[in-house]
Amino acid sequence: MYSTQLFRRAENGDTLAQGELFRHYYPPSYRLAYSLLNNQEDAEEVAQDALTYALMNLAQFDSAKGAFTSWLYTITVSRCRNKRRRKQLAEIPLLGWLVNEKKQTAEPLNPPEHTAAQQEEKTAVYAAIQKLPEKQREAIILRYYHDLSYGDIGEIVGCSANTAQSRVWLAQKRLYGLLTGQMELDTFRSAAGHD
Amino acid sequence: MIRHINSKVGLAYFEGRLDAAQQAKLERHLADCPACRSQMLEHQTTHDLLLAAGQDFSAEPSRVPNWSQVKPQQAQRPLWKTIFHNGSQLAMAGIALVLLLVFIWQLRPQQPILEVVPSVTATGVSNYEPTPQATTLPSPAVSIIGISPTDAAPTATAEPTPETAERNTYTIAADEISAVALNGQGRAAFVADGTLYVETAAHSAAYTAIADHAQNRPPVWSADGQELLFFSEADDTGLPVLMHWTADTGRLTPLSDLIDRPLPDVSFRNVHWAADGREILLPAFGQLAQDSEWDSSVWLADLDSGHMSLVVEATALKSVEWLNSDEFMMTVDCGMDCTIMMAYDRVKTLLWKAYHERPEFEAASDFYVLQPNERRILILNTFDSPQTVDVLNTATGEIATVLELTGGVEFAGQQPYLAANGRILVYQVVGEAGETTIQTFNLEDRTTGTLTLQHEQFTFGGGAWDSAGNYFIYSVTDAAIGAAYVYLWQPGNNTTKLVQAAAGEARFQHFTWTVDGRYVYYNLGYRELWQYDVVAGELRGVAGQ
């Protein structure tokens with residue numbers, strides 16, 4: 001976590017401080033945007049836009065309400081909603097998505113021990129997440145892919161912690177239905193380790 | 001024996017957050033309850049799959065842009081480029097500007113820019129005193145209602161306020177409580193821990209639980225105060241079902257049983273009763289056909305005839321609101337910095353359309369309905385510098401600036417709050433040094449004032465006017481003290497009273513007045529629901545733990 005002094009310098013227009021905060025906070029904002037939008041260019045645009053807005057409006061950030069990351073995530077989620085609505089993203093072929101993803105990361109996404117079947121299951125999970133209602137999708141992604149507490153999720157998407165839990169719960173139930181519709185039930189349970 | 005497993009317990013179980021005793025109790029229940037066993041297996045299966053898949057889907061950016069290249073693009077973008085995308089638009093705007101200046105010049109000698117017509121509900125403000133100028137405004141006398149003054153004095157050096165005595169005397173014990181809905185007589189309805197509670201009679205403080213074994217959402221009263229509509233997450237699809245409840249029979253019916261057509265397979269999110277009858281507006285999200293270019297729609301249902309029809313389809317619908325008994329307004333998001341508003345009548349005629357660019361995030365430059373029957377829309381304009389509050393007269397298309405911020409301050413946080421009689425606007429500003437102030441503006445004599453509080457630093461949490469414009473109740477949180485406060489401002493004598501204080505991070509919110517202006521309800525976070533009697537000066541804990 002960065003010092004209050006650095007934020008104050010940035011708020012007062014210190015470009016070096018702003019640059020340091022930008023470098024540090026761009027990756028988490030990008031990761032969140034990418035997991036919600038599933039598109040590299042859109043995620044880059046949203047992350048840059050959200051973080052620039054945050055840094056240029058630091059006076060509005062109230063540290064008493066929560067961490068800067070939570071505020072940044074709130075802005076990022078809202079921009080992602082706008083972006084999704086604007087573009088009405090078409091379904092992105094997941095295999096293509098995975099191939100693109102492999103190009104971006106240093107570590108291979110599909111290590112040798114991963115079988116084709118495992119990869120297929122993971123692809124199906126991500127495809128099913130994309131079919132969830134917006135609020136459930138956000139809750140699942142923030143919980144499982146960004147490891148946030150229900151309190152943090154609530155703060156970011158604008159609901160109580162209990163409602164965030166309820167959304168994750170409903171999303172799990174819906175995902176089960178979506179996934180069992182795509183896979184044979186036995187295969188599905190086997191994949192999850194429930195033989 | 002425990003109740004059937006809900007989201008809180010279920011998630012805590014397979015996320016390992018239950019202690020040994022709780023876990024053993026839950027496992028005993030699972031052994032006895034096949035339904036919960038089956039449900040938990042589904043959730044556990046999905047949970048494990050999500051955990052297994054999660055790591056593969058975290059993408060890293062291929063590069064981090066250079067701030068020195070990013071920042072100037074944002075900061076130096078000329079204003080006109082943001083507004084006008086090509087030269088012809090700019091030329092048109094130039095002509096419009098000249099015409100506007102001529103128009104304003106013609107108006108100037110005749111009358112103030114804004115013509116404010118007090119509504120018929122303004123009888124209670126006959127003894128109204130103008131708000132003093134900011135420079136001469138005395139500090140309001142702060143008296144404390146309902147709690148010990150020594151415990152709750154809102155000074156920056158005070159210790160966190162202890163729990164109030166009333167904290168243990170809630171009528172209903174619950175962990176999570178919604179905002180309250182009040183009918184015209186003041187009868188309350190709200191949701192506590194997923195259960196809908198309806199007051200048996202106005203101000204009776206006795207409540208009936210509507211037990212439908214579902215996770216319900218806050219209800220909305222009909223105009224006559226005899227019916228409620230609310231969303232219920234009872235089924236397994238995860239999509240809420242819209243339920244209808246009548247006070248005289250106590251019957252609970254899905255809306256789909258009351259209308260003459262199957263509900264479309266889209267997500268309905270909220271309900272808007274017409275002010276004069278049993279018609280409801282239903283905004284819906286989702287395509288009506290697979291190849292549709294629209295992702296949202298607005299429906300109108302008449303509960304007397306059972307007829308439901310599509311009014312209009314839209315893209316990126318933001319909000320829907322009745323303007324009067326015949327017209328409603330919808331706003332749609334037209335991009336990152338853009339909102340469009342349109343008004344329709346009941347026979348689907350587009351009455352007018354307007355838009356406003358907004359460069360800021362969320363609350364900035366947005367539309368608020370102002371005096372609907374006078375056809376005025378309040379526009380918070382943070383796009384221009386200095387920032388302004390404008391009023392659009394939808395009958396004539398005129399936009400008048402009623403308030404221009406000066407002294408280097410800007411609008412911040414909450415929306416502006418205009419008294420129903422149209423006389424006083426309350427709004428929050430932030431200064432160049434980041435200091436927050438709650439200001440008032442009297443639209444009649446055009447004087448500004450400040451709600452002076454004894455907090456060195458605070459966050460304004462919003463508020464609400466009573467229907468006559470006699471009181472404005474609002475919340476403040478003070479991080480230095482670690483407490484939240486409710487204040488009641490009476491513009492007639494310019495006094496502010498501290499109504500309640502609570503230690504902790506939760507803020508007071510969702511202020512809702514009875515029509516007669518005697519009682520106001522509000523929540524502390526989502527954990528408590530309170531009722532304050534303005535006449536008797538008494539607080540009552542309606543629901544909480």
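Helices (H or I, at least four residues) and strands (E, at least two) are DSSP runs, numbered from the N terminus. Chain A has 10 helices and 0 strands. This is a predicted model: local features need pLDDT of at least 70, side-chain atom pairs count only at pLDDT 80 or more, and totals for chains, interfaces and linings use all residues. Residues are numbered from 1 along each chain as its sequence is written, and chains are lettered from A and ligands numbered from 1 in the order in which they are written.

Take the helix pair. The axes of H1(A) and H2(A) come within 7 Å and cross at roughly 120°. Axes are lines fitted to C-alpha atoms, for helices over the stretch in contact, with angles from 0 to 180 degrees between N-to-C directions. H1(A) and H2(A) are therefore oblique to each other; angles under 35 degrees count as roughly parallel, over 145 as roughly antiparallel, 65 to 115 as roughly perpendicular and the rest as oblique.

Residues are in contact if their C-beta atoms, placed from the backbone, lie within 7 Å.

| Helix | Range | Residues in the contact |
|---|---|---|
| H1(A) | residues 4-11 | Leu6(A), Arg9(A), Ala10(A) |
| H2(A) | residues 15-37 | Ala17(A), Gln18(A), Glu20(A), Leu21(A) |

Now burial. A residue is buried if 20 or more other C-beta atoms, placed from the backbone, lie within 10 Å of its own. Buried residues make up 47% of the 195 residues in chain A. Gly158(A) follows H8(A), with a positive phi near 85°.

Definitions and conventions: Two residues are in contact if their C-beta atoms, placed from the backbone, lie within 7 Å. A residue is buried if 20 or more other C-beta atoms lie within 10 Å of its own, exposed if 12 or fewer, and partly exposed in between; C-beta atoms are placed from the backbone.
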